[in-house]
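Hello,

Here is the structure you asked about. My notes on it follow below.

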Amino acid sequence: MTITAYLRKDPAALALAALFAVSVLAACGTGKTAKEPPAGPAPAAAAAAVLAPVPPMGFNTWNKFGCNVDEKLIRETADAMVETGMLDAGYRYLVIDDCWQVDRDAGGRIIADPQRFPGGMKALADYVHGKGLLFGIYSDIGPKTCAGRPGAAGSFDIDAATYAEWGVDYIKVDWCNCDDLDAPAEYARFRDALRRSGRPIVLSICEWGRNDPWKWAKGVGQLWRTTADIGDSWDSVVWIVGANSRHADAAGPGGWNDPDMLEVGNGGMTFDEYKTHFSLWAIMAAPLMAGNDLRAMTDGTRAILLNKEVIAVDQDPLGAQGRVVIERGYGGQVWMKPLADGSKAVAFVNYSKGELVQYVRWSQIGLPPGPAKVRDLWAHEDKGIHTDTGKNYGERFQVNVPAHGVVMVRIWPEPPAR
Ligand code: GLA
């Protein structure tokens, strides 16, 4: 859906956007930035709900390319997102992370690297939009980004106005060089600058969970990192899942815990480990930002990133973050995420080094006793009707899970017999 379509769906957001457009135009006409009005809480929730009713999906340059970004990469990635079916599967935001920016001009306007982005950001955003995608960029609350590029400190309004002019739809805002600042206040100021720009822009808060964002970030940004940076390793996935799982209460339509971008396809994990990584992100209703080279994906990587049945769990409109319902104590964990149609997504995860038999009772995942239809979301197979009346232990639903692997199913209670 385009931004205009979003706005059309929500008259309150449209009115808000119009109001901000007027104030920004007035300020720009005199060559000054608008004076910042006091932060007001009420419209924030409305704007947030419009921008990310389900977890954002897309691609971000950082995990694979680091500072090695240029407009050729972005154009080729945009092409690949369409050609590979990523866009059709829901990946809409194409985000350039750190290192696109080099300086500010005499008027304080941020300058994109002229060698790497000779056509400029507006033309690049137009290209991305022309493919049916949305365009994202990166900044930092402090004076410098994590890679030492110009940050947004002292320039929130001029940056927001510039990004709006370029056609930016999403901005990730980092927290390097900000240690002594007040995170809730700074990010709220940045949100307000975005609002004054008149363009609805998703705000991805990236302070790595340092200031308990799960307590304040909803209504400020649409997603907030809960942990330090992910690495392309099984250990990293395990640590991040443990940390992110603690904040399930905070997630829901309009605001999402962000356990960081995906590493699927970057080479540091096995196929089973990447499947588990992706399944856990989906069951935790995490933003799904691919972080691999989309121009050169193996069939295995495609099978993971383009698994529409697992993506549907992530993107379910109920917006619940799944939780651990069984902790077996020897490496087996069972997760459950309730879905809008009354079904349950269940992931059996195996953290151990050998195959594990795992099982669940309907009572443990909030299903009524009786028959329920089971579908395997990785095998793409119906597993038939399984009946757990709650009476006999032998009725438990059981699966074999490979080492570091996952079995993920969706279970629909059968309507009671008449
Ligand atoms: C921080 C962020 C990363 C990435 C880099 C860029 O480490 O957490 O996701 O944006 O900065 O420098």
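The ligand is surrounded by twelve residues that you can pick out one by one: Trp62, Asp97, Asp98, Tyr138, Cys146, Ala147, Lys172, Asp174, Cys206, Trp208, Arg225 and Asp229. Please keep in mind that the model is predicted. Sorted by kind, this shell has six nonpolar residues, six charged ones and no polar ones.

In aspartate 98, a side-chain N or O atom is 2.7 Å from an oxygen atom of the ligand. For lysine 172, the distance from a side-chain N or O atom to a ligand oxygen is 2.8 Å. Arginine 225 has a polar side-chain atom 3.3 Å from an oxygen atom of the ligand. On its own, the ligand would expose 310 Å², and the protein buries 93% of that area.

Next, the nonpolar cores. How many residues does the largest one have? The count is 89, and the residues with the most contacts inside this core are Tyr91, Trp100, Met121, Phe278 and Trp281. Helix α11, which covers residues 271-283, gives the most to this core, with six residues.

If its neighbours within four places in sequence are left aside, methionine 121 is in contact with Ile96, Trp100, Ala112, Phe135, Ile137 and Trp166.

Another core lies apart from the largest one. This other core has 17 residues, including Met336, Val346, Trp362 and Val399.

Best wishes

Conventions. Residues are numbered from 1 along each chain as its sequence is written. This is a predicted model: local features need pLDDT of at least 70, side-chain atom pairs count only at pLDDT 80 or more; totals for chains, interfaces and linings use all residues. Side-chain values use heavy atoms; hydrogens and water are left out. A residue is near a molecule or strand if one of its heavy atoms lies within 4 Å of it. A polar contact is a pair of N or O atoms within 3.5 Å; within protein, one must be able to donate a hydrogen and the other to accept it, and residues adjacent in sequence count only if both atoms are side-chain atoms. Accessible areas come from the Shrake-Rupley method with a 1.4 Å probe; for residues, only the protein chains shown count as cover. Ala, Val, Leu, Ile, Met, Phe, Trp, Tyr, Cys and Pro count as nonpolar, Asp, Glu, Lys and Arg as charged, and the others, Gly among them, as polar. A nonpolar core is a set of buried Ala, Val, Leu, Ile, Met, Phe, Trp, Tyr and Cys residues joined through side-chain atoms within 4.5 Å. Buried means under 20% relative accessible area, exposed over 50%, partly exposed in between (1.4 Å probe, protein chains only). Helices (H or I, at least four residues) and strands (E, at least two) are DSSP runs, numbered from the N terminus. Contact means heavy atoms within 4.5 Å.
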